[in-house]
Amino acid sequence: MRRSNPHRILYALFFALFASALAFSHETDSLFVPPKPEKPLRYCSSVKKWIEFATHDSNMVEITRLKGVRMDLRYATFENVTGHDLYCGVQRAFVHKDAAAKLRKAVKIMEREMPGSELVIFDASRPLYAQEALRKTVRGTPYSAYVSSPATGGLHNFGLALDLGITDADGNLLDMGTDFDSFERCAGEVGEAEALKSGRLTQEQVDNRNKLRKIMKGAGWVPLGSEWWHFNAYPSKYVRENYPKFPL
């Protein structure tokens, strides 16, 4: 029986650790998954107030039944990073009327470039109570910058941001390499080159992201570099200078 060489074993162990360090060379490259709450909540009274506000505000437009768009609001389920059902199962989405115009333009581009495809909405306008629930999942972690504080608000809290994916002509979501709301660095364009080189992402997955980006950018949307699914109707500075944040 051949004996194992202890130096060879130590070398192999060192190489494995070195490779792992390279794979997660950035502090936000690790597979961070927020812990699930012991008692998941459904925010039914809060979402009722939100929908009442959104349906009566003259600047807001419901996009739930917009042609070329379908709903997959992840925060209306328990299957999201907070572990709570933030929208009490309600699959209704709203945006500011200026964002709605750009969304309609994106749908027209998609119909021309990718006939039969649909845009799939993961989140649209977001009330402040939902923003706080999301913020709580990252508070005190290296990922705190990923979620804006409700005090300042993110562009979802102005009705001027969308989280979305896109389907093929058969209605299947295109594979983007990570799920919506992934905290991996490769979830955004900033980490794609490294992820391609390491094999974490495939060229097809990056190509799929670029299909979505091309359509949204063609309609005037601004992509967020850290999230393939997030697009702003305008640059953040412009929004904060020209639009009000939601009051609830």
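## Terms and basis of the model

A salt bridge is taken here as a side-chain nitrogen of Lys or Arg within 4 Å of a carboxyl oxygen of Asp or Glu. The model is predicted: local features need pLDDT of at least 70, side-chain atom pairs count only at pLDDT 80 or more, and totals for chains, interfaces and linings use all residues. Residues are numbered from 1 along each chain as its sequence is written, and side-chain values use heavy atoms, with hydrogens and water left out.

## Confidence

The pLDDT (the predictor's confidence in each residue, from 0 to 100) has a mean of 90 over the chain, and 88% of the residues reach 70 or more. In residues 1–28 the pLDDT is below 50, and this stretch has 14 contacts in the model beyond near neighbours in sequence; a contact means heavy atoms within 4.5 Å. Where pLDDT is low, the predicted coordinates should not be read in detail.

## The disulfide

With a disulfide defined as a pair of cysteine sulfur atoms within 2.5 Å, the count comes to 1. Cys44 and Cys88 form this link, with their sulfur atoms 1.9 Å apart. The pair joins distant parts of the chain, 44 residues apart: Cys44 belongs to helix H2 (residues 44–56), and Cys88 to the loop between strand E2 (69–71) and strand E3 (94–96). Helices (H or I, at least four residues) and strands (E, at least two) are DSSP runs, numbered from the N terminus.

The link of Cys44 and Cys88 is right-handed, with 70 degrees about the S-S bond. Buried means under 20% relative accessible area, exposed over 50%, and partly exposed in between (1.4 Å probe, protein chains only). Cys44 is partly exposed at 33%, whereas Cys88 is buried at 17%. Cys88 also has a positive phi of about 55 degrees although it is not a glycine.

Helix H3 (residues 97–113) has 17 residues and should span 24 Å at 1.5 Å a residue; its end C-alpha atoms are 24 Å apart, which agrees. The expected span is 1.5 Å times one less than the number of residues. Buried residues of H3 include Ala99, Leu103, Val107 and Met110. Among the elements that cover the buried residues of H3 are strand E1 (60–62), strand E4 (119–123), strand E5 (161–166) and helix H6 (203–218).

## Salt bridges

The count comes to 15 salt bridges. In one of them, the side chains of Glu62 and Arg92 meet at 2.9 Å, N to O. Glu62 lies in strand E1 and Arg92 in the loop between E2 and E3, so that distant parts of the chain, 30 residues apart, are linked. Glu62 is partly exposed at 31%, and Arg92 is partly exposed at 35%. Arg70 and Glu118 form another salt bridge (3.3 Å, N to O). Because Arg70 lies in strand E2 and Glu118 in the loop between H3 and E4, this pair ties together parts that are 48 residues apart in sequence.

Lys237 and Glu241 form a salt bridge whose closest N and O atoms are 2.5 Å apart. Both residues lie in helix H7 (residues 236–242), 4 residues apart, about one turn of the helix. Lys237 is exposed at 59% relative accessibility, and Glu241 is exposed at 54%.
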